[in-house]
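Welcome! Here is a short briefing to read with the model open beside you.

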Amino acid sequence: MPDYDADILIVGGGPGGLATALHARAQGLSVIVAEPRTAPIDKACGEGLMPGGLSALARLGVDPVGMPFHGIAYLDDRRRVEARFRTGSGRGVRRTTLHAALMSRAKEVDTQWVPAKVTSLAQDSAGVTAAGLRVRYLVAADGLHSSVRRAVGIETTVGAPRRVGLRRHYRVPTWSEFVEVYWSPFGEAYVTPVEPNLVGVAILSRHRHSLSWFPSLERRLAGAGGGSERGCGPLRQVVSRRVAGRVLLVGDAAGYEDALTGEGLSLAVKQAGAAVTAIAADRPQDYERDWHLITRRYRWLTRALVLGTTPALGRRCIVPAAAALPVVFRGAVHTLAG
């Protein structure tokens, strides 16, 4: 019988990796997380947990502190269109707060850590060797530019349009119970309440960004202090597959459409559960099918929105269209909430 250090080695200690660890421990699997950073990890993201993602975290015993929001609002300088969630509220949570909550819970359930960055591995029909460890399976949750994905030869291309995201916090009293999305011909800004006196503003665009694209938001934030700016991208990563032998990809490493609909964290938690279920059954190939099922609505809706709003005319029309077709807008928001 082979001698293993653990059932699963998880490369990457961000939310996707830690959600994988929690799912695995819930099924009685032993886990080691390889992550060189010890403090809560920050990165550019919208910091909004949709109701479905919040429920998935609660089932894992994670309840991060944050600000509730009850729907999505689209705005330009003339109109505002709102749609409330039908299935409970979401929550704005600082990335570092979420990561600390996940780390705490992972330690409670006896997850092990090694301070290692994994850039190479070897695998055979019985297991995987990486970071000096021998494990049954490896889950790569190491982000958009995954080194594990490269190491196992999974092909990846950067999709069009090439958009990047930039996020900054502003110290100002929160003013809305919605995540607000401000649209301009050049990009969109996502405003998420994360603390009573703090909002996160994430701007997505193909261009060098500027808050001046959103005059009403710029006026509201005038004089507000804030934190440093963080960026990520290119956002769209087209990944050819998510399983290579005994290596499975989760979260951003598994492929990313765009941050436009704000589902990244929720999807990572759901993917983590599917990957662990496939591993527990010793049927890693099942994960590829399940990943497509989990992400299908997100991929279709996000791709349609991104392509429809790539031309300047489409961006000018998105808020008027949402106002003219409120039933369609509410349906889209309900889809994203799950």
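A helix axis here is a line fitted to C-alpha atoms over the stretch in contact, and angles between N-to-C directions run from 0 to 180 degrees. With that in hand, please keep in mind that this is a predicted model.

**Helices H1 and H6**

- Helix H1 covers residues 15-26 and helix H6 residues 264-280; their axes come within 8 Å and cross at roughly 40 degrees.
- The crossing of H1 past H6 is right-handed.
- On the H1 side, Pro-15, Gly-16, Ala-19, Thr-20, His-23 and Ala-24 make the contact, and they meet Leu-265, Ala-268, Val-269, Ala-272, Gly-273 and Val-276 of H6.
- Sorted by type, the residues of this contact are eight nonpolar, four polar and no charged.

**Strand S14: burial**

- All five residues of strand S14 (residues 179-183) are buried, so the strand is largely enclosed by the rest of the structure.
- One face of S14 carries Val-179, Val-181 and Trp-183, the other Glu-180 and Tyr-182, and both faces are covered.

**Strand S14: partners**

- Strand S5 (residues 71-75) pairs with S14 in the parallel sense, over four bridges.
- Within that pairing, Ile-72 has Val-179 of S14 as its bridge partner.
- Strand S15 (residues 187-195) runs antiparallel to S14, and four bridges join them.
- Tyr-182 has Ala-189 in S15 as its bridge partner.
- Three residues lie between S14 and S15, which form a hairpin.

Terms used
Residues are numbered from 1 along each chain as its sequence is written. This is a predicted model: local features need pLDDT of at least 70, side-chain atom pairs count only at pLDDT 80 or more; totals for chains, interfaces and linings use all residues. Side-chain values use heavy atoms; hydrogens and water are left out. Buried means under 20% relative accessible area, exposed over 50%, partly exposed in between (1.4 Å probe, protein chains only). Helices (H or I, at least four residues) and strands (E, at least two) are DSSP runs, numbered from the N terminus. Two strands pair if DSSP finds at least two bridges between them. A crossing is left-handed if the near helix is turned anticlockwise from the far one by less than a right angle, and right-handed if clockwise. Contact means heavy atoms within 4.5 Å. Ala, Val, Leu, Ile, Met, Phe, Trp, Tyr, Cys and Pro count as nonpolar, Asp, Glu, Lys and Arg as charged, and the others, Gly among them, as polar.
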